[in-house]
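Dear colleague,

I am handing over the structure below, together with some notes on what was found in it. Please look through the model first and then read the notes beside it.

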Amino acid sequence: MNLSSSFLNPVMVLTFTTSSANNTRSRGSFIGCLEDLQIDYQAILPLDIPHHESSPVELGCNRTEWCHSQPCSQRGLCVDLWATFRCDCTRPYEGQTCSHEYPAGTFGLEDSSSFASFTIADNPGANFNVSFFIRTLKPSGLVLQISNGTDPCLTVYLKSGQLQIATSSANAVTFSEHLADGRRYLVTLTFQGGRVHASHSDRDVELGQLAVLPLVAGFEVYVGGLPHQDHVSTWGGYFKGCLQDFQLNNHRMEFFPTQAENYSLPQQVYVGQTTNLAPGCISDDTCKSGPCHNGGTCTITWNDFSCSCPANFTGKTCEERVWCASDPCPKATSCVDVPAGYVCLANATFHGNAAIEFTTNASVTRALNSLHLDFKTRDEDAILLWATEEVDSLQIAIQNSTLLVDIRSGNSIEGVSFLSQTPIADGTWHRVSLSMEEPSVVSSRWLAHLDGSVNVTLQGNAGNLDFLKNNVLIVLAENFTGCLGHVNIGGVYLPFTGQLSYPQPEQFLQSSRGHIQLGCTGADVCASSPCLNAGTCEDLFNSFRCACSAGWEGPLCESNIDDCKSSPCVHGDCVDSVADFQCDCFRGYIGKKCNINVDDCMRHQCLNGGTCVDGVYSYSCKCPAQYSGPRCESPSPATCVRQDQVNLDDP
Ligand SMILES: [Ca+2]
Ligand SMILES: [Ca+2]
C-alpha cells in the first residue's frame, strides 16, 4: 500500500496519492478521518508521517456541518464534501451558492423585431437536447432555428400556444402542452436516435419520430427570430416574451455575456449576437395607450393590463356600465344588471282574471332558446304563460295540480311536452327552467329543470322560441291565482315593473294596461283567527295551518286530546282534562296514578308484639307463639302460629 499522508492522534486524515486514487472507482482521494490504523500489524502513528503546510492531511478530526446553515439559495441542494460543500443549483440559478440567476432576455419588447444568433463551436451530432425557460402570452412565434448556413434543419416555434418541432414546414411534431399563458415554463426537448421527447414540470412526453440533421460546428442557432423578416413569418413571426437559460446540451447560449463575467461557469458558453434584446424579463408598457375607459385605473400585468374600474363600470376596459350601482329601482324591487342596462324585478300577485301581456316590440335580437319562470300557487288549473303564432306555440300551465310544458316551434310537428311527476299547486315557490339541448340547430331536444331535480329530457323535438320576436303577444297569468317571480325568455326578463323605461335595446315590454300588484301575498287566511283554544294560525299562502296549544288537536284545535287514552291510572278511574288527567283511586291506593299502596300498618293494632303485614286497605298481624287472634289479643297454648287479617272496615 502506498500512502503519502500522515496520521493523527487520536484520529487522522489520510489521502491517497493520485496514482493510488486512479485505482479506485471514484478516482478520488479518501476524505474523512481514520484512527487506529495498522498496516502489516504495524501501528502507523500520525506523528510518524511528516505534515506541512502543503500537506493535505490535518491532525485531529475537525468536522464542519457545512449544510447545516443552508448555504444554497433558490432551493439549491447542498452536498457536504467534508472539507467544503457544493450547491447543486436549480435552473436558472448558478454560482457557488446558487445566488446568481442567469439573466432572461426580453424579445419583441413593444413589438420590436428581436433575435439572438450563435454559432455552434463543437459537434453535438444527431443526439442532443435543447432546453430553455419560456414565458409568453403570444401564441405564435419562432423560438429557435438551427441552420446549416443556407437552410434551416431544425425549427422550434409556437403555434396556437403549443410548441412545434419541425425539420421542414411539412415535417413536424407537436408538444401539446399550452405554454402561452404568461407563466414561466422550463422546457427540455431531447433528440435521441431520431425520436423527440419533450419535458416540462417533471413530465416527459414522447412526441414522435423526426429525422434531424446531425449538428456540426459552424451551424447557426437563431433564437426568437431571424435576420430576415420574410423568413420569420413562415414560423408565426417573431417570438414575444422572455427566454432564459437557453442551453444546447450543456452549452449555454449567453444573451448578455458581460453580466456573467464574474461567475465561474462550469459549462462552455456560446456567445452570440443579439438584436433588440432587452435584459431581464420586462413587460411592454401596456397602459401607455390608456386602455381603461370611464375613469378606470390601469395596472400593467406582464404584457397585459388590468383596469380597476369605478363602481358604476365593469369589464376588461371598464367599458360596461353597472347600472344597478346607482340604485335606479323603486322600493320593493331588486335591480339586476343585464347587457347594456338593468331591470327592476319583483314578485307579483295575480287574482284570477288579471292576465298581463308582453311583446318584444321587435327589439330582441338574440336567439331565444331558454325560458325561466318562478311561481307559487294553490291554483290547480291555470295558465302561467302562453304565446302562439300560426303553427308555433308555447304554453306553461298547471293542469290537475301538476306542471305542463308544451312547445311547438321550428317546423317540428310533434313539439316537446313535459308533465311534472309531483303536484306543484302546494302554495310554495317552484322554479322551472327550460333550455334547448342544441341551441344552434333548427330543431332539437329540450331539457326541463324543475326545482332541485335533475335535468329531464323532454319528449320530442322543437326549435327555439324566436317566433316570439315577431311582436307576438305573450300572455302571463291567465285564470291564475297565485304569484309569479322572475320570468325570462332567453335571458331577457319580462318585468312586472312595466311603467319603468330601461336603457337596454333588448326588452320585453308590457303591452297590456292595468295595475300589477307587486309582492307576493295570498288571502289573509289568519285574519279571522280560525284556530281555537289558543292555537296559532300559520299562513301557508291561501291556506293555513293551526299550531295547537298543549292538550288540543284537530284542524282548528277544536278537540280536547283524550289524556286517559293510555290508561294512566293503575288502581283507579281516569277523568280527562286539558293536557292532563285525574285518577279516582280505588280504596287503599293513593298517588297521581293510584299506583301507591297505602301503608295500612302505620296505625296498626297488633298486640303483644305481633308484627303488622300490609295489605290492600287492610293489614294482618303475625303473632308470637303464645298469642293468637286477629290482633294477637288472645293467649294461646297452641304451638301453631295463626294469622288473621284485620279489615279496616271491621269494628
Ligand atoms: Ca284532555
Ligand atoms: Ca295498603
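**Disulfides and a calcium site**

The link of Cys483 and Cys520 is right-handed, with 90° about the S-S bond. The sulfur atoms of this disulfide, which joins Cys483 to Cys520, are 2.0 Å apart, a disulfide being a pair of cysteine sulfur atoms within 2.5 Å. The pair links distant parts of the chain, since Cys483 lies in strand β40 (residues 482-489) and Cys520 in the loop between β43 (517-518) and β44 (536-539), 37 residues apart; helices (H or I, at least four residues) and strands (E, at least two) are DSSP runs, numbered from the N terminus. Cys483 counts as buried at 0% relative accessibility, whereas Cys520 is partly exposed, with a relative accessible area of 25%; buried means under 20% relative accessible area, exposed over 50%, and partly exposed in between, with a 1.4 Å probe and protein chains only.

Before going further, please note that this is a predicted model, in which local features need pLDDT of at least 70 and side-chain atom pairs count only at pLDDT 80 or more, while totals for chains, interfaces and linings use all residues. Residues are numbered from 1 along each chain as its sequence is written, chains are lettered from A and ligands numbered from 1 in the order in which they are written, and side-chain values use heavy atoms, with hydrogens and water left out.

The structure holds 20 disulfides, and one of them is formed by Cys329 and Cys344, whose sulfur atoms are 2.0 Å apart. The torsion about the S-S bond of Cys329 and Cys344 is about -90°, so this disulfide is left-handed. This pair, too, links distant parts of the chain, with Cys329 in the loop between β26 (320-321) and β27 (334-338) and Cys344 in strand β28 (residues 341-345), 15 residues apart. Cys329 counts as buried at 14% relative accessibility, and Cys344 counts as buried at 0%.

Cys585 and Cys594 form a disulfide as well, with their sulfur atoms 2.0 Å apart, and at -85° about the S-S bond their link is left-handed. Here Cys585 is partly exposed, with a relative accessible area of 31%, while Cys594 counts as buried at 0%.

The calcium ion (ligand 2) is coordinated by Asn597 (OD1), Val598 (O), Asp600 (OD), Asp614 (OD), Asp614 (OD) and Gly615 (O), at 2.2 to 3.0 Å; donors are N, O and S atoms within 2.8 Å of the metal (3.2 Å for Na, K and Ca), and water is not among the atoms, so sites may look incomplete. Along the chain, the donors of this calcium ion follow the spacing N-V-x1-D-x13-D-G. Asp600 sits in the loop between β51 (596-597) and β52 (611-614) and Asp614 in strand β52, 14 residues apart, so that the pair links distant parts of the chain. Asp600 is buried, with a relative accessible area of 9%, whereas Asp614 is partly exposed at 32%.

Kind regards
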